[in-house]
Amino acid sequence: MANPVLHIKDGYFFEVPKFLYPVSHEAKSDFPLWWVRLDDDFQSLQADRVYDKFARAYASSGDPFGVPAKAELLAEYEHWKHAGTAHPNAGKPFDAYLEQEQTELVEAISTIKWAQIKSDAHAESEVVGYINDSHHKWPLAKINEYNHHLSGKVLIPQPFGEIKNLHESQSGFCISKFMILELLVAFCLVATFSWVGRRVRSGDPPKGRLWNFFESFLLFIRNDIARPVFGHKDGDKFCPLLWTIFLFILGCNLMGMVPWMGSPTGAFGVTLALAVVIMMTGMVIGSLRLKPFFIGYWLNLLPHMELPTIMSLAIKPMLFLIEIMGLFIKHAVLAIRLLANMVAGHLVLLGLMMVAVEFANSGAWYVAAPVSILASTLFSCLELFVAFLQAYVFTFLAALFLNAAFHSH
Amino acid sequence: MSKPLSYRLTFRNLLSILVLASMALPASTLPSASAEAEPAGDVAAADDHGDHGDHEADDATSSHAGDGHSNDNSHKNAGPTMMHPQEFKSDLAVYTFIVFILLLLILYKFAWGPISDGLAKREEGIANQIDQARQDAEAAQESLKQYQQQLEKAAQEAQQILAEARQDAEAARDRTVAEAREAAQREHDRALADIQIAKQAALDEVATLGTNIAVNLAGQIVRKELNAADHASLISESIDQFSSNN
């Protein structure tokens, strides 16, 4: 089975039950290019061509031993592709095999020639040519199996890039599931809170469930995080940033609880970007507020110490380095904490559900499935709590870090 | 009444959480969810795990159908970090950074600005209202004090009026009683005078009668007929004597 981690990671598709999104392609021309690229039949042909070109280039390089025989090398390549229990090389093209396993051969020809061979092999025209080639018809059984695997996978259109497989990009800018979900969260936040804003603007007391509900979030952040940490005046100034951070993370966390979606906060890129926002905000505000301008922030990293000059010459640079490292580490940990919590929660949920899948073919399924469903339900409740808790923790720590950035200590 | 309602609400909330949670199950683990729902029909949903099962072995025609990594191209040609949950994707990071900053700016314009203003306005309003209420309370306290003073004064006045009234009443009563007593005395005196007059009259009559009788008796005794003039002088002599004796 594919690694279960792939189910919680970002991808270039939305996964729904197969019956909701059946795929019934009839010929290889109906399949996406990247899928054809990974087809075994195509890769064999590709290997064949690459071998020919490579052998020609190799012959001109003047090596006396020559390239191994075609059949031998291609057979070895096929074997390599399917080696190992986890099949780490599955679907890898022949050039990757040569680079990885036949390094000496590749190094014998010039890098320019090798790059040329590679780009030729992966040119779009190669795939298009193969698709239009009527000699290589895909058998119906294969197409059916492909349809089965593609069913339930709603592929995201990629106008700005090309994907390598459903989880990795090949080139350009590829739109991933988490990117769409982030936009969705952002859109929901703008819609909801501009609505709240229109009501609060008048200064009237809150009326109605929704207004009270959303406002209670904002007041909680202001009264229990911003004001206690920054003080009354600064606290209100930092509220917009903390509100956005909290609600964006909360929205992303909760997306993981929505069927067929996922948690963008379960991707390192997302959490690190948010931590970077906090760090940069701290740097900018610290540089502006602490005197002397700009340098004050960095000098502030050093704790104040009464040391003899000689000792301070030795110790202060070291401490400064440590503090700089600490600055980056604490923000990285901020990102990792959120990531780890979201990933861990989803992994446990995944494990609980795998209990039912493991017994799918046996009689024990009737016991395992209810247990699995019940356990997953209960754990989902916990996850719901964790979604709120981690959003709070991130916001609270962000507030502490920001406060430390522009207050001398 | 309120207790069963709150129980019912709690139960309903619990139920909705359960329903939501069960809907959320497939969020990140779809194949397993579909396998749960349809154990017999969709075993192969668990990716290519069931390669050795009947379903896929029949379909698979490629030379390596049974090796566990069959015709699912969706995760082939994997990079070295594809299976790592901590994989860092720079495009996603840059995208997130931009989306977050834009979100912050848009929300600042359309939500946080108005909300901050509104909250400040509300706070100010509440503070004003509290001030106003404090002033009102002070004013009310002041008026209360005044009213209380007035009330006390009024009570005093009432007391005074009552006392005066009581005094007046007492005086009136005394006067009435005195008058009554005087009238009674007068009546008494008059009665006494009447009695005196009556007594005098009676005594006079008794004297006259007695004298007549005595004269008659004396005449009889002396056999001497007195003439009328003698008779009258004798009577008046006797009466005078009687009156002087009394």
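**Packing of helices α13 and α16 in chain A**

The crossing of α13(A) and α16(A) is right-handed. The model is predicted. Helix α13 of chain A covers residues 268-289, and helix α16 of chain A covers residues 365-406.

Two packed helices are described by the angle between their axes and the distance between the axes. Here the axes come within 8 Å. They cross at roughly 25°. Angles under 35 degrees count as roughly parallel. Helices α13(A) and α16(A) are therefore roughly parallel to each other.

Both helices supply residues to the contact. From α13(A) come Ile278(A), Thr281(A), Gly282(A), Met283(A), Ile285(A), Gly286(A) and Arg289(A). From α16(A) come Ala398(A), Phe401(A), Leu402(A), Ala405(A) and Phe406(A). Sorted by class, the contact of α13(A) with α16(A) has eight nonpolar residues. Three polar residues and one charged residue are also part of this contact.

The chain as a whole gives the setting. Chain A contains 16 helices and four strands. Its C-alpha trace spans about 75 × 65 × 45 Å along the principal axes. The radius of gyration of chain A is 28 Å, whereas a compact globule of 409 residues would have one near 22 Å. Of the 409 residues in chain A, 40% count as buried. Among contacts in chain A with a separation of 6 or more, 67% are accounted for by residues 24 or more positions apart.

Terms used: Residues numbered from 1 in each chain as written. Chains lettered and ligands numbered in written order. Predicted model: local features only at pLDDT ≥ 70, side-chain atom pairs only at ≥ 80, totals over all residues. Axes fitted to C-alpha atoms, helices over the stretch in contact; angles between N-to-C directions. Helix = DSSP H or I, 4+ residues; strand = E, 2+ residues; numbered from the N terminus. Parallel < 35°, antiparallel > 145°, perpendicular 65-115°, else oblique. Left-handed = near helix turned anticlockwise from the far one by under 90°. Contact = placed C-beta atoms within 7 Å. Nonpolar A, V, L, I, M, F, W, Y, C, P; charged D, E, K, R; others polar. Rg over C-alpha atoms; globule rule 2.2 N^0.38 Å. Buried ≥ 20, exposed ≤ 12 C-beta atoms within 10 Å, placed from the backbone.
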